[in-house]
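Subject: Structure for your review

Dear colleague,

Please find below the sequence and structure that I am handing over to you. My findings follow directly after them.

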Amino acid sequence: MTQINWSEKVNPVVRNLPPSGIRRFFDLVAEMKGVISLGVGEPDFVTPWHIREACIYSLEKGYTMYTSNWGLLELREAVAADVEGTYNIKYNPRDEILITVGVSEAMDLAMRVLLEPGDEVLIPEPSYVSYAPCTTLAGGVPVFIPTGMENGFRISAEQVQSLITPRTKVLLLCYPNNPTGAIMDREELLKIAEVAKQNDLMVVSDEIYDRLTYVGQHTCMASLPGMQDRTVLLNGFSKAYAMTGWRVGYAAGHPDIIGAMTKIHQYTMLCTSITAQMAAMEALKNGQPAMRHMVENYNRRRNLVVQAFRDMGLPCYEPGGAFYAFPQISGTGLNCEEFAEELLKQEQVALVPGNAFGPSGEGFVRVSYAASLDDLSEAFRRMSRFVRRYGVR
Ligand code: PLP
């Protein structure tokens, strides 16, 4: 009998994708007891009750069918009104907004629509784990823009310009950033927008943390002069409204691009779950006070976390947004994987090694402060004990 090699049945592009550095680490956590997890990028709040109630009510009323491929028109109208109210840019809810299964699906669609084989995508690094795989799966080539603590994990227009080749098609941005919490100011984004226009780049802007900005005001790439059609704006409900499990997000942009994304979405997803869309509509209509309350809480925790690391002698850049801190741990003499693994084994605290987000993350760990104050204080008690054991040089 000839042995069949089943893995050879898998498309090599998929076979060769590296496993997510986050998942690999969490397999370890799953086997342990009493772990305090500051690892996952997920609000510790349950979705506000009025949003859950809107979903229950929609089920009672019998809303259990497919919606339009684009998503409920009323939700697209609410998204358009929200974006216009926040950033003063207008999108036509009929053909410039697509409701997706989270920003995750929107990112995949954007890459599949924009890229031809071999096209290059500029991606700031460290960055969210899905960007490079989405690029590769769409036939593109990720080209990383390294960032570091010395420049606040921000990219510059000069850096972007220096990496452009005739194959560069897309610039991917995510500010506030996961994993560093970095934000970009309007002046720098204006310069980057000029580079994008001069080199005819499309910008895919993942703004999932836009409402979680604690310092200054978030600038939306699409709101800059001449950038609305050149930008595919991605956003969603997971972080701002504590709705990670509902799986609802959206893409906004030029009708040709959003229409092409909808073409794929109609065959692969058909539509986002109607109950999730109903809940998202309630979030946009009445969810602002609850959202503000959560953001204030994150901000309070952010200050505690940054101070706690500095008290341990670990340099920690002050994150301007999202709910992550990215302290430098190399002074302990451990690399980021050793730090995360030993901390987990010795003190049962889980966080993510920085290199899971790219090579510039070596020497750092990502700590999510979307955790209760009790968990945070206990985790920091354990972490200080751990760091004292190694010392900081
Ligand atoms: N983009 C970033 C930067 C994220 O951090 C995450 C989740 O952690 C996502 C997208 C996924 O968002 P969604 O839940 O809307 O798919």
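In what follows, Ala, Val, Leu, Ile, Met, Phe, Trp, Tyr, Cys and Pro count as nonpolar, Asp, Glu, Lys and Arg as charged, and the others, Gly among them, as polar. On that basis, the shell around the ligand divides into 4 nonpolar, 8 polar and 1 charged residues. Please bear in mind that this is a predicted model.

The ligand site

The ligand is surrounded by 13 residues, of which the closest are Gly102, Val103, Ser104, Gly236 and Ser238. Helix α5 gives the most to this shell, with 3 residues.

The sheet

An open sheet is formed by 7 strands, in the order β2-β8-β7-β6-β5-β3-β4, and its pairing is mixed. On average, neighbouring strands are turned by 20° against each other, direction ignored.

Within this sheet, β7 (residues 231–236) and β8 (residues 249–252) pair in the antiparallel sense over 4 bridges. Gly236, one of the closest residues to the ligand, stands opposite Gly249 in β8.

Two helices are in contact with the sheet. Helix α9 (residues 255–268) packs on the sheet and touches β2, β7 and β8; the direction of α9 makes about 30° with that of β2. Helix α5 (residues 102–114) lies across β2, β5 (168–173), β6 (202–206), β7 and β8, and runs at about 165° to β7.

Helix packing

Two packed helices are described by the angle between their axes and the distance between the axes.

How do α5 and α9 pack? Their angle is about 110°, and their axes are 9 Å apart. Angles of 65 to 115 degrees count as roughly perpendicular, and α5 is therefore roughly perpendicular to α9. The crossing of α5 and α9 is right-handed. From α5, the residues Leu109, Ala110, Arg112 and Val113 meet Ile257, Ala260, Met261, Ile264 and His265 in α9. By class, this contact has 7 nonpolar, 1 polar and 1 charged residues.

For helix α3 (residues 49–60) and helix α10 (residues 274–286), the axes come within 8 Å and cross at roughly 140°. That angle makes α3 oblique to α10. The crossing of α3 and α10 is right-handed. On the α3 side, the contact is made by His50, Ile51, Ala54, Cys55, Ser58 and Leu59; on the α10 side, by Thr275, Met278, Ala279, Glu282, Ala283 and Asn286. The residues of this contact divide into 7 nonpolar, 4 polar and 1 charged.

Helix α12 (residues 336–347) and helix α13 (residues 373–390) pack at an angle of about 115°, with 10 Å between their axes. This makes α12 roughly perpendicular to α13, and the crossing of α12 and α13 is right-handed. Leu343, Gln346 and Glu347 in α12 meet Arg382, Met383, Arg385 and Phe386 in α13. Which classes of residue make up the contact of α12 with α13? The residues divide into 3 nonpolar, 1 polar and 3 charged.

With kind regards

Note on methods:
Residues numbered from 1 in each chain as written. Predicted model: local features only at pLDDT ≥ 70, side-chain atom pairs only at ≥ 80, totals over all residues. Pairing = 2+ DSSP bridges. Axes fitted to C-alpha atoms, helices over the stretch in contact; angles between N-to-C directions. Contact = placed C-beta atoms within 7 Å. Parallel < 35°, antiparallel > 145°, perpendicular 65-115°, else oblique. Left-handed = near helix turned anticlockwise from the far one by under 90°. Near = placed C-beta within 6 Å.
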